[in-house]
Amino acid sequence: MPPPDSTAVGTPLDTPLDAPAHDVGTQGSPRDAEECWTRVQEALRARIVPEQFDTWFLQARLLVVDEPETGLEVSLAVLNTYTCDWISKYYSPAVESAVHSVLGQKCRVRITVDPEATVPPAPAPRESRPPLDSGPSAGAPPALAPGAGLLWNSDVVLNHKYTFENFVVGPCNRFAHAAAVGSGERPGKNYNPFFLHGRVGVGKTHLLQALCFSILERDPSARILYLSCETFVNHFISALENGDLDGFRTKYRNVDVLVVDDIHILANKERTQEEFFHTFNTLYQAGKQLVLSSDSPPKDIPTLQERLVSRFRWGMVTEIEPPCYETRMAIVKRKSRDQGRELPDTVAQLIAEQIDQNVRELEGAVTRLLGFSSLTGKPLTLELAREALGDLLQANHGAPTMDDIISAVTSKYGVKLSELQSKRRTKSITHPRQVAMFLARRITRHSLEEVGGFFGGRDHSTVIYAVDRVSKAVRSDPEVRKQVEGLLGRLGAPSDGRL
Ligand code: ADP
Ligand code: MG
């Protein structure tokens, strides 16, 4: 994120504005705080360029001025965590100096997220929004009723590390990353809905949150509702119990962007699916952006109503693959650099080779290793990595590898590895090649690109085709089924009858 454009941040004024104001607001009465805030705003305007002031401070409100034993303290209420973090990061000195200039003495500024306390925005000239106090808001959570323009993350605090800049892009996630960037650029227009799916720990939540940040960066007043699907389900159930469906609907349908993480949780929840269907339609018809993530593509979410499946496919459905080796290396290096240490190549390689399932584990391994090294004072060597990460490395050890698959397939079908990797397309070669690709996807964590790479640099669509073909054949052809079951058994990964 670029630093904000500000002037004279942190430059204390030599003389306070007006008279010294020790008494202003020290009783904490709202009027005094209000008066104090008006003057602090004036002082802030003198320190910050007008656009930045309008963006970050127009809706904020100074709540209390207090003087506990530790010294004078004021608290500033802001709309959302995003604003809170932004002001803390970039404007603390400006705020402190502005307050100092008004109160005539140094004081600590606490920034708190309190949407209810903030000032509703003036009617936006750019875009028409529903009236701020519209709707049957009595039963709705306060955060959305009066406050347009907030990141209302009911159960989730957005993680500031989850930005596009911090996301390592590789072949496995390039497309998903580009689609997320595109959705954030023109919410409701480019890809709607944006449906992102992939296994656990591959970066779905990271991209979803990065998308929210990118929208807020362009338009801090965008009303983004970000939540886990579980929260949606729970809110719906309590709205049913409390007879407050109107409040529920007001809340969910008056937003510019609805982001629901882990939407596969809707599986087997008939009534919630029904409600979500209507939420989806209302927002979609109003041109609002919907962003969803899931552990599987829409059609594979068990019992998901067909009409939801088809709606989820209206926009952009994209998969994030587990990262390939090179991406894993880049992630390991980035994560250690972020923590202020450079890992030697051999150590980074060990981690990237052994932990290939999940970026979260990869990250955990780096953190654990660095922590271990600084605790024990030992240098970052391969030996230390094995000592610190023993169990993590072991957990990934023993699963069949590509080599195991290739040797099982070549001996079963009497073909050579070079033939599997060749361009030859006779059935006696293509069938074993496709079975090998199927097995690789089934029992290893290699990405489509990696599997394609093992078989003579074929691209991912060839692998998708092969997997699809073999999946169908095991269902329709008992001979193929027998072959595949035999191979799985030999590789120590029996099918348990679930082919
Ligand atoms: P998911 O939601 O798919 O289960 P997350 O988004 O929670 O996965 O990602 C798990 C962790 O891995 C997070 O800390 C995230 O920042 C990190 N991560 C995942 N992919 C990447 C990537 N490509 N670059 C950097 N960090 C990543
Ligand atoms: Mg997630």
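Reply: A helix here is a DSSP run of H or I with at least four residues, and helices are numbered from the N terminus. The model is predicted.

The largest pocket has a volume of about 1,300 Å³. Its lining counts 38 residues. Closest to the centre are Asp-300, Glu-319, Arg-441, Leu-448 and Val-467.

By class, the lining of the largest pocket has 18 nonpolar residues, 13 charged ones and seven polar ones.

Why does the pocket lie between two domains? Domain 2 (146-319) gives residues to the lining, and so does domain 4 (402-490), so the pocket lies between them.

Domain 2 also takes part in the ligand site. The shell around ligand 1 draws at least three residues from domain 2 (146-319), and at least three from domain 3 (325-396). In total, 18 residues surround ligand 1. Val-168, Gly-201, His-206, Arg-360 and Glu-363 are the closest. Three helices supply at least two shell residues each: helix 5 (204-218), helix 10 (325-338) and helix 12 (359-376). The shell has seven nonpolar, six polar and five charged residues.

Now the polar contacts. His-206 places a side-chain N or O atom 2.7 Å from an oxygen atom of ligand 1. Val-168 uses its backbone: an N or O atom there lies 2.8 Å from a nitrogen atom of the ligand. Asn-173 has a polar side-chain atom 3.4 Å from a ligand nitrogen atom. Taken alone, ligand 1 exposes 560 Å², and the protein buries 96% of that.

The loop between helix 4 and strand 5 (194-197) holds Pro-193. A cis peptide bond joins Asn-192 to Pro-193, with omega about -5°. The other detail is Asp-262, in the loop between strand 7 (257-261) and helix 8 (270-285). Phi of Asp-262 is near 60°, a positive value in a residue other than glycine.

Conventions
Residues are numbered from 1 along each chain as its sequence is written. Chains are lettered from A and ligands numbered from 1 in the order in which they are written. This is a predicted model: local features need pLDDT of at least 70, side-chain atom pairs count only at pLDDT 80 or more; totals for chains, interfaces and linings use all residues. Side-chain values use heavy atoms; hydrogens and water are left out. A residue is near a molecule or strand if one of its heavy atoms lies within 4 Å of it. A polar contact is a pair of N or O atoms within 3.5 Å; within protein, one must be able to donate a hydrogen and the other to accept it, and residues adjacent in sequence count only if both atoms are side-chain atoms. Accessible areas come from the Shrake-Rupley method with a 1.4 Å probe; for residues, only the protein chains shown count as cover. Ala, Val, Leu, Ile, Met, Phe, Trp, Tyr, Cys and Pro count as nonpolar, Asp, Glu, Lys and Arg as charged, and the others, Gly among them, as polar. Domain bounds come from an automatic or database domain assignment. On a 1 Å grid over the protein atoms alone, a cavity is a set of points where a 1.4 Å probe fits but cannot get out, and a pocket is an open set with protein on both sides within 12 Å along at least five of seven lines; lining residues have an atom within 4 Å of a point. Grid points are joined across faces, edges and corners, and a volume is the space filled by probe spheres set on the points.
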